[in-house]
Amino acid sequence: MKPITDYSDEALRSLLRELQVQYKEAQAQNLKLNMARGKPAASQLDLSAPLLRTMENYTLADGTDARNYGILEGIIECRTLFGDLLGIDPEQIIIGGNASLNLMFDTISFLCLFGTGGCEPWLYHKHNDTPVKFLCPVPGYDRHFTICEELGIEMIPVPLNEDGPDMDTVKKLVKEDPLIKGIWCVPLHSNPQGVCYSDQIVEELAAMETAADDFRIFWDNAYGVHHIYEEVPLKDILTECAKAGNPDRPYYFFSTSKISFPGSGIALVASSTANITEFKKHMSAQTIGHDKLNQLRHVQFFKTPENIRNHMKKLADEIRPKFDIVLSKLGDSLKGSGLASWSNPKGGYFISLDTLSGCAARTVQLAREAGVTLTGAGATYPYGKDPKDSNIRIAPTYPVTAELEKAMDIFIICVKIAGIEKILG
């Protein structure tokens, strides 16, 4: 498609009529295609099927029976396996349940209820009509925003650049406002753009001056080993914060939700010794210990960090063709048109597309009415409010190849219709 600016109004109306015919043909197929969430396909889950077989044994190295109560922080074998994978001291790790989202919600809830390091509980400020605030690099992960909204934490969007958050904005805000208590970060293959944080960004986040003594970085490294096209290194936030004299600043989250099984994986939180001690104290009121059998099952299946990396290469081979389809179709149909721009991620689970301003919601509506379900427009911004109404998250992993091709063809028609309607007013 030639640049949209090269079309006269008459030519645009003619093109719109052609697209509307194609759209009606798509509607007539009565399709039900879903690209809304980053769910693994069955072929990806099949790679972890041996996890479900009978366990080799239930006894830990120290003789403990994993079928019984105890071990609040998680079995040492599991903490060591994932500590070695991520370069984290096992003593700084707590293994939780099957989702890092639970651990993130619990962590913020503990801070709201109890505070940290002798500082006031965060809810104290809310009760005095001055809610605490979080910085939210955008576009970002909708479930992070949901946590803040549920707990009454005010969200402040900050731009996410190609190498991480806009640090000029971040440093200015956190230095001036003691009610800014944290920042959300997805530092590798971010959701949805696939941004990978540079060494400089990590260093600046670790060392920046903050008005709040209890400022915290929520480091959600959800895609830390999810490389598809290129392996990207990431500087360790725990080490950098310790070097900068801020060892308690980061909470590091990770899970196997898209490594083994989303509903039956394991999750971890890592932090300083002081933070881990606090966390265990609060967690001990919730549980005697999480599912040690599932932790041991993962250890017996993966055994070594190298085996996990090899497993991720197999997953990448499953996912890569689907990303190829999306990127190829976008390039063939929209490149140079001026109707959309999109990310070219090196890994992760998503592709981020920006329509013309004011066209995302209309595009998603058109797609839905033609049988293609997408993540809601605005979901990648706090409170669901995309100020430009332009960002759409594409999740290619779940559909089979033939369905993905159909879904992308329809989606592209919708992008074009919404854009041309906008131009014609």
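Lys 346 and Glu 230 pair up through their side chains in a salt bridge, with N and O 3.8 Å apart. Lys 346 sits in the loop between strand S10 (340-342) and strand S11 (351-355), and Glu 230 in the loop between strand S7 (216-220) and helix H9 (237-243), so this contact ties together parts that are 116 residues apart in sequence. Keep in mind that this is a predicted model. In total, the count comes to 19 salt bridges.

**The loop-to-loop pair**
- Lys 346 counts as partly exposed because its relative accessibility is 36%.
- Glu 230 is also partly exposed, at 41% relative accessibility.

**Pairs within a helix**
- In helix H7 (residues 167-176), Lys 172 and Glu 176 are 4 residues apart, which means about one helical turn separates them.
- Lys 172 and Glu 176 make a salt bridge whose closest N and O atoms are 3.2 Å apart, and both residues are exposed.
- Asp 317 comes out as partly exposed, with 47% relative accessible area.
- Arg 320 is partly exposed as well, with a relative accessible area of 25%.

How values were computed: Residues numbered from 1 in each chain as written. Predicted model: local features only at pLDDT ≥ 70, side-chain atom pairs only at ≥ 80, totals over all residues. Heavy atoms only, no water. Salt bridge = Lys/Arg side-chain N within 4 Å of Asp/Glu carboxyl O. Helix = DSSP H or I, 4+ residues; strand = E, 2+ residues; numbered from the N terminus. Buried < 20%, exposed > 50% of the residue type's maximum accessible area, 1.4 Å probe, protein only.
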